Amino acid sequence: MTRFLIQVALTLAVLVLAWSKGGKPERYVATIYFALVFSGIARWLVVGHWSEEGYTSVHTFRFVVDAAALFAVTAVALSYDRWWPLWVSSAQFIAVVSHLLRAAGMPLEPIVYAIMERWPVWLALIITGLGTLAHYRRSRIDRTI
């Protein structure tokens with residue numbers, strides 16, 4: 001539960017940073033990850049549990065949400081001239097591939113599936129925060145010139 005609370009706090013911090021200091025791509029990607037993290041909370045409130053299968057079979061809900069996030073982040077990456085959305089898209093791709101590997105019946109240990117599915121979100125949030133700080137720093141330098 002502690003890891004989850006830290007993830008929620010990081011998500012909110014990146015969202016606030018992106019909306020206060022970032023440009024459109026930073027805001028879009030931060031909002032995408034806000035929706036991704038909080039869709040899990042919404043599902044938990046409706047269903048009453050986090051996961052129906054553990055990590056021995058595909059998490060269908062998370063697969064759909066991860067695939068939608070991959071599509072949305074890739075659209076942002078292709079629409080704006082920033083380096084970091086491509087990195088976020090690559091991280092999100094790992095999460096989607098984890099679901100596809102599990103669905104294909106590949107010999108994937110449950111802990112490996114869990115790491116491949118969960119850690120890319122952390123990485124994406126950190127990269128989005130760094131991208132937002134880079135944009136803010138760049139925009140401040142541009143104003144002083």
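Select Phe-4, Gln-7, Val-8, Thr-11, Val-14, Leu-15 and Ala-18 in helix H1: these residues are buried. Look down the axis of H1; the buried residues line one face of the helix, because they fall within an arc of 130 degrees. The model on screen is a predicted one.

Now turn to the face of H1 directed away from the buried side. Thr-2 and Val-16 are there, and both are exposed.

Show H1 as a whole by selecting residues 2-21, a run of 20 residues. From its first C-alpha to its last, H1 reaches 28 Å, close to the 28 Å expected at 1.5 Å a residue.

Next, select Thr-11, which belongs to helix H1. Is Thr-11 buried or exposed? With a relative accessible area of 1%, Thr-11 falls under the 20% cut-off and therefore counts as buried. Display its side chain together with the backbone of Gln-7: a polar side-chain atom of Thr-11 lies 2.8 Å from the backbone oxygen of Gln-7.

Ala-134 counts as partly exposed because its relative accessibility is 27%. Ala-134 and Gly-22 are 112 residues apart along the chain, and their C-alpha atoms are separated by 8.9 Å.

Notes: Residues are numbered from 1 along each chain as its sequence is written. This is a predicted model: local features need pLDDT of at least 70, side-chain atom pairs count only at pLDDT 80 or more; totals for chains, interfaces and linings use all residues. Side-chain values use heavy atoms; hydrogens and water are left out. Helices (H or I, at least four residues) and strands (E, at least two) are DSSP runs, numbered from the N terminus. The expected span of a helix is 1.5 Å times one less than its number of residues. Buried means under 20% relative accessible area, exposed over 50%, partly exposed in between (1.4 Å probe, protein chains only). The arc is that of the directions from the helix axis to the C-beta atoms. A polar contact is a pair of N or O atoms within 3.5 Å; within protein, one must be able to donate a hydrogen and the other to accept it, and residues adjacent in sequence count only if both atoms are side-chain atoms.
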